[in-house]
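Thanks for coming. I have a few minutes on one protein, so please look at the screen.

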Amino acid sequence: MKKLLLYLTMLSILSIWSCEEPATLLPSISGCTDEFSFNYHPDANEDDGSCMPMHGCLGWVGGYSKSGQIISSLGHAAYDQKFWKEVAIQRAFFQQIPAQVSILLEPEPELKNAYASSDGQIRFGYYMFWDILDQYGELPVASILAHEWGHRTQFHSNWNDYNQPAHMELEADAFSGFYLFLAKRWAWSQIQDVYQALMDFGDYNFNHPQHHGTPNERYAAARLGVELGKYAVENERQFSYKELHDIFIEQIRTQIKPRSLEEKPVEYSEITFPEGVTDEEVRKLFPRE
Ligand SMILES: [Zn+2]
């Protein structure tokens, strides 16, 4: 009887072991298991809650299959030339802010994206480019690229006084507005039209309140950049990145965010670039470190 009991005990221990065996054969790999997420990890079998939605300008996550691949061309010589010319203008404007710009072939057309990363990259999506162009023309491309260069400025400068992700996004919009007015000499109405287009371009989640901010907030942030650009020209005042950041983040915290609680769209008056200012004079106003 004792022997039988021992035998049964051993059997049950063995059976417990054999039950657990598959788990020891398959080590758990934690990561994002949602294949529609930006950082989908194909080998992960345990979701660690890190999944990031695909759309919007999120950082590059190397090695993940859904991130897409770098390609050398938009597949159209004239638009390649225009795109790289725009990159060169922005590189001259955002002097001292390094960025390696490349064209990203997203894994699927519906996963279109454009983003900046902390390790120095700006990736502009192939499908992103062509979708924007088809629907809204060329102007929003410069605006998105400048928004990403704004993110590069944030990463490069190691600013970390943001209370929420939307603050970073709105500041990137302010940098974009500052650039479009100062370097491209766009009028406020043009910039506003571009932002309207981008916010209609819902796939990019440009208007996701938790991510990029509400449309009202985004207009206000772009407007802030334009107003500061106007101030810079009229007063021949060159700003440092830090000065711009201090002004932008203060306004975002105290003015833009509280104001955006009002549902009503804000009406803005037109601002145009002053006449008689030479390119050389404007170049002296490009921000510096
Ligand atoms: Zn962004």
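Of the 289 residues in the protein, 37% are buried, meaning that 20 or more other C-beta atoms, placed from the backbone, lie within 10 Å of the residue's own; with 12 or fewer a residue is exposed, and in between partly exposed. This is a predicted model: local features need pLDDT of at least 70, side-chain atom pairs count only at pLDDT 80 or more, and totals for chains, interfaces and linings use all residues. Residues are numbered from 1 along each chain as its sequence is written.

The protein has nine helices and six strands. Both are DSSP runs numbered from the N terminus: helices are H or I with at least four residues, strands E with at least two.

Now the strands. β4 (residues 100–105) runs antiparallel to β3 (residues 69–71), with three bridges between them. Two strands pair if DSSP finds at least two bridges.

Val-277 lies between α8 (241–259) and α9 (279–283). Is Val-277 buried, exposed or partly exposed? Val-277 is partly exposed, because 14 other C-beta atoms lie within 10 Å. Beyond its neighbours within four places in sequence, Val-277 is in contact with Val-233 and Val-282; contact means C-beta atoms, placed from the backbone, within 7 Å. Val-277 and Val-233 are 44 residues apart in sequence, and their C-alpha atoms are 8.3 Å apart.

Technical notes. Two residues are in contact if their C-beta atoms, placed from the backbone, lie within 7 Å.
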